[in-house]
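These are my notebook entries on a single protein chain. I set down what I looked up, in the order in which I looked.

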Amino acid sequence: MKIFWSSATMSSRFEARTALISTLLLSLSVLVDQRMSLPILILTVAFNFNVLKALAKLTPLIAFYVVSCLFLGGVDKILTMVALLSLFLFLYGLNPEEVGFALMYFRFPPRFAYSICISLRLLQNVSNDLNNLLQLKKLERFSYLELLKRLTNIAIIRAISMAESLKSRSFDLDMRISHVSKPNLKDYALLFSSIILALLSLL
């Protein structure tokens, strides 16, 4: 049983351009009007049910935030935080390379686009490594401090390996050609729903 979500588990298979635009619209909607938090949460889960599974695994973190809000104030922002977290999980499930291509399609500098792409890929890999270490911890019974040390070492090795791999292939950001897939009906439905909620938040 996996404790944290993996990239394979969270895969949403949405076209990156429409997913990025929709996420931006939904994020702005919840910031403009907090009453949009619940509709946005429902919409995100409806289009990717794995988001709900990931939120369930993050229950301890959400519970800690709820208790903090009860003592420090800001209870009205609990649902907003959960909605924004669901949007992050939705983005997390996208293919990192497609996200990079989508950013370049929107005329972002290639260096920025691939920084986001590589960061997202590294985050997914580290998440998978954390799942593996948690499984190993059940067998070897090492402390959480040791788990953190091992995870840090693995993350550093992965980052160095990725950098060396790009360098050995003479990776040139400016020479990369972006390839974007064509949106399907599900992508258009997500985009249309996001536009509707964005307009409602302005009323």
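Entry 1, the largest cavity. I looked up its volume and found about 50 Å³. On a 1 Å grid over the protein atoms alone, a cavity is a set of points where a 1.4 Å probe fits but cannot get out, and a pocket is an open set with protein on both sides within 12 Å along at least five of seven lines. Lining residues have an atom within 4 Å of a point. Grid points are joined across faces, edges and corners, and a volume is the space filled by probe spheres set on the points. I noted that the structure holds one cavity of 30 Å³ or more. The model is predicted, so local features need pLDDT of at least 70 and side-chain atom pairs pLDDT 80 or more, whereas totals for chains, interfaces and linings use all residues. Residues are numbered from 1 along each chain as its sequence is written, and side-chain values use heavy atoms, without hydrogens and water.

I then listed the lining of the largest cavity: Ser22, Thr23, Leu26, Leu43, Thr44, Phe47, Leu87, Phe90 and Leu190. At least two of the lining residues come from each of α2, α3 and α6; helices (H or I, at least four residues) and strands (E, at least two) are DSSP runs numbered from the N terminus. I sorted this lining by class into six nonpolar, three polar and no charged residues. Ala, Val, Leu, Ile, Met, Phe, Trp, Tyr, Cys and Pro count as nonpolar, Asp, Glu, Lys and Arg as charged, and the others, Gly among them, as polar.

Two or more lining residues come from each of α2 (16–32), α6 (78–92), α7 (96–105) and α8 (110–140). I noted α2 as giving the most, with four residues. The classes of this lining are 11 nonpolar, two polar and no charged.

Is serine 29 buried or exposed? I found serine 29 buried, with a relative accessible area of 1%; buried means under 20%, exposed over 50% and partly exposed in between (1.4 Å probe, protein chains only). Serine 29 belongs to helix α2. Beyond its neighbours within four places in sequence, serine 29 is in contact (heavy atoms within 4.5 Å) with Met36, Ile40, Leu197, Ala198 and Ser201.

I next turned to serine 37, in helix α3 (residues 37–47). Serine 37 is buried too, at a relative accessible area of 0%. Residues up to four places away in sequence aside, serine 37 touches Val30, Leu79, Thr80 and Ala83. Serine 37 and leucine 79 lie 42 residues apart in sequence, yet their C-alpha atoms are 6.1 Å apart.

I counted 10 helices and zero strands. Of the 203 residues, 39% count as buried. Among contacts between residues at least 6 apart in sequence, 78% join residues at least 24 apart.

Just after α8, arginine 141 takes a positive phi of about 60°.
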